[in-house]
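Work through the two exercises below with the model in view. Each task is followed by a solution in steps.

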Amino acid sequence: MTAPAELSTSLGRRYARWQAGVCLAVLLGAVYLARRHWPAVESGAGRLAVADQGWLLVGAAAAMGTWAASALAQQGAVVPRLPGPRLVAAQFAASAANHLLPAGLGAGAVNLRFLMRCGLPAGRSAGALAVKATAGATARLTLIALLAPACPGLLRLPRISPTAVAAALGVTVLVAVLLASPLWPRCRRALAAVLADIRALHACPVRAAALWGGSVAFALLHALVLVAVTRAVGLPLAPLQVALLYLAASSAAALLPTPGGFGSLDAALALAFTAAGTPGAAAASAVLGYRLLTVWLPLLPGLLVLGVLVRRKAL
């Protein structure tokens, strides 16, 4: 093995260990919080059991729509036309795989294999995933900026603590080390390739519309799932407020590499609801209902679809 390959393998192993450690710490923290607030969680589960079934069906329909929106965004991230039914099936399978591995690795691996099976080179496939992720993050932040003025005072900036200052300084130091390290030229080339792909896609209006339309629809449909659940359990929050709280919580949870946002997204959503004045039991029921519709019910069918795609060599 050559020296650059050995360096890459070593760095990959170190990153995997660091990521696994952070994931374990977040999950343990989530278990601790659930145990500490178990009465609220138990009451929330009971409240969900008698929720309005009509609104839960609306939430289930919105959850199914997220896979079509993800497929639309993935098609918009590449110039060649992808096979539609297989693309939607791959997004369904990717959503299930994403709940088993941290930081979106499951969904990334499934989509990478799918794009390569469709004839795209590995580098171009990885670039398409980066384009899609960039568009998704941009869409969430744009929606937050548009909805925040309609819900004044709902989002409050946290008080800056010494821990936050130390964390910001640590990130600054890490960025400085990266800029000075031999890895920076590779990162710069990868970033330049992603920007070149984005420019090429925007030269095709149909692909650009699919990329941004799918990204916005994906975020809004997830917000609609949560809105439907809050209606079902009778949370006293307006739909725009719920959507804004979801977008803010999901953006914050994306910074923590837990499988499917387990622990991080749950805690962020519960904290956002309680900070907005929702009782603990009601907040717990909303979070549990959202997870039921987006994770637990589709998980087994998604894994079965993943197995079928692998067996048919579509991945």
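**Exercise 1.** Find which residues line the largest cavity, and sort them by class.

*Solution.* The largest cavity is lined by Trp67, Ser95, Ala96, His99, Thr294, Val295, Pro298 and Leu299. Here a cavity is a set of points on a 1 Å grid over the protein atoms alone where a 1.4 Å probe fits but cannot get out, and lining residues have an atom within 4 Å of a point. The model is predicted: local features need pLDDT of at least 70 and side-chain atom pairs pLDDT 80 or more, while totals for chains, interfaces and linings use all residues. Residues are numbered from 1 along each chain as its sequence is written, and side-chain values use heavy atoms, without hydrogens and water.

Next, α4 (84-97) and α12 (280-311) each give at least two residues to this lining, and α12 supplies the largest share, four residues. By class, the lining has five nonpolar, three polar and no charged residues. Finally, the volume of the largest cavity is about 30 Å³.

**Exercise 2.** Describe how helix α9 packs against helix α10.

*Solution.* Begin with the geometry: α9 (residues 205-233) and α10 (residues 239-253) pack at about 125°, with axes 9 Å apart.

Then list the contact (heavy atoms within 4.5 Å): α9 contributes Ala219, His222, Ala223, Leu226, Val227 and Thr230, and α10 contributes Pro239, Val242, Ala243, Tyr246 and Leu247. By class, this contact has nine nonpolar, two polar and no charged residues.

Technical notes. Axes are lines fitted to C-alpha atoms, for helices over the stretch in contact, and angles run from 0 to 180 degrees between N-to-C directions. Ala, Val, Leu, Ile, Met, Phe, Trp, Tyr, Cys and Pro count as nonpolar, Asp, Glu, Lys and Arg as charged, and the others, Gly among them, as polar. On a 1 Å grid over the protein atoms alone, a cavity is a set of points where a 1.4 Å probe fits but cannot get out, and a pocket is an open set with protein on both sides within 12 Å along at least five of seven lines; lining residues have an atom within 4 Å of a point. Grid points are joined across faces, edges and corners, and a volume is the space filled by probe spheres set on the points.
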